[in-house]
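Please read it alongside the structure shown here.

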Amino acid sequence: MGSIMSARLAAEVDHAMERNGWTAGLAKKASEGTVLAGFRDVLEGRAQIKPIEHLIDCDADPFVPEKGWFVDEHKRDGVIQWNPKKVKLYLSFRQYLGFEIWGEDLRVVLASQSVMNANVLDYLLREEKQHLIPKEWGHCIFFWGTIYRSLSSGRCVRYLYKHDGRWGSSGFPLCSRLDGYNPAAVFVS
């Protein structure tokens with residue numbers, strides 16, 4: 001049986017795969033079993049590719065990450081479909097200008113925004129879901145839709161952060177100040 005690909009066609013396919021973010025590992029996986037038959041069915045109109053819907057239940061009771069914490073406020077938003085294009089990182093005017101703002105004051109400012117709750121944070125923090133976190137999210141992203149109370153530090157909000165290439169979560173006391181590196185995750189209307 002002869003090859004169906006000329007050297008030129010193989011080079012074109014190789015360049016197309018590279019241009020579209022394929023790795024050698026993905027190419028190897030595509031060549032195993034009947035994966036390519038599925039791709040052929042798509043190309044010939046017998047099947048279609050449908051993206052996975054990442055549904056997050058924002059009505060559920062949020063995870064309480066620390067002993068001695070409890071939920072003080074929780075904004076319920078129904079079941080949402082995760083779409084990073086419908087999320088923006090919000091800074092208050094003071095933060096945008098480079099000034100700090102007290103957490104409690106920022107909470108009041110954010111009352112007019114459609115802030116995301118901690119259920120979204122916990123969904124994205126799962127090991128198998130972290131690829132859904134936008135690459136441009138750099139420092140600390142705050143999820144103000146859930147406010148916790150800690151016996152030791154009072155009211156606090158949780159945030160998502162990246163350190164040494166790994167995502168994590170922590171709490172931030174509202175009696176502290178935030179700067180322009182601490183945006184809130186909000187829904188785009």
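1. Arginine 155 counts as buried, because its relative accessibility is 14%; buried means under 20% relative accessible area, exposed over 50%, and partly exposed in between, with a 1.4 Å probe and protein chains only. The model is a predicted one, in which local features need pLDDT of at least 70 and side-chain atom pairs count only at pLDDT 80 or more, while totals for chains, interfaces and linings use all residues. Residues are numbered from 1 along each chain as its sequence is written, and side-chain values use heavy atoms, with hydrogens and water left out.

2. Arginine 155 belongs to strand E7 (residues 154-163); strands (E, at least two residues) and helices (H or I, at least four) are DSSP runs numbered from the N terminus. Its side chain makes a polar contact with the side chain of glutamate 73 at 3.1 Å. Such a contact is a pair of N or O atoms within 3.5 Å; within protein, one must be able to donate a hydrogen and the other to accept it, and residues adjacent in sequence count only if both atoms are side-chain atoms. Not counting residues up to four places away in sequence, arginine 155 touches charged residues including Asp72, Glu104 and Arg107, and also Phe172, Pro173 and Leu174; contact means heavy atoms within 4.5 Å.

3. Strand E7 also holds lysine 162, which is partly exposed, with a relative accessible area of 42%. Beyond its neighbours within four places in sequence, lysine 162 is in contact with Gly138, His139 and Trp167. Its C-alpha atom is separated by 9.5 Å from that of isoleucine 141, 21 residues apart along the chain.

4. Aspartate 164 lies in the loop between E7 and strand E8 (166-173). Its phi is near 55°, a positive value in a residue other than glycine. Most residues other than glycine have a negative phi. Aspartate 164 counts as exposed, at 70% relative accessibility.

5. Which residues have the most contacts inside the largest nonpolar core? They are Trp82, Met116, Val120, Leu124, Trp137 and Phe143, in a core of 19 residues. A nonpolar core is a set of buried Ala, Val, Leu, Ile, Met, Phe, Trp, Tyr and Cys residues joined through side-chain atoms within 4.5 Å. Helix H6 (118-125), E6 and strand E10 (184-187) each give two or more residues to this core, and H6 gives the most, with four. Apart from it lies another core, of 15 residues, among them Leu106, Val157, Phe172 and Leu178.

6. The largest pocket holds about 360 Å³ of space. A pocket is an open set of points on a 1 Å grid over the protein atoms alone, where a 1.4 Å probe fits, with protein on both sides within 12 Å along at least five of seven lines; lining residues have an atom within 4 Å of a point. A volume is the space filled by probe spheres set on the points. H3 gives the most to the lining of this pocket, with five residues. The lining divides into 11 nonpolar residues, no polar and one charged.

7. The second largest pocket has about 160 Å³ of space. Its lining includes Glu73 and Arg107, both of which arginine 155 touches. Strand E6 (residues 140-150) gives the most to this lining, with four residues. By class, the lining has five nonpolar, three polar and three charged residues.
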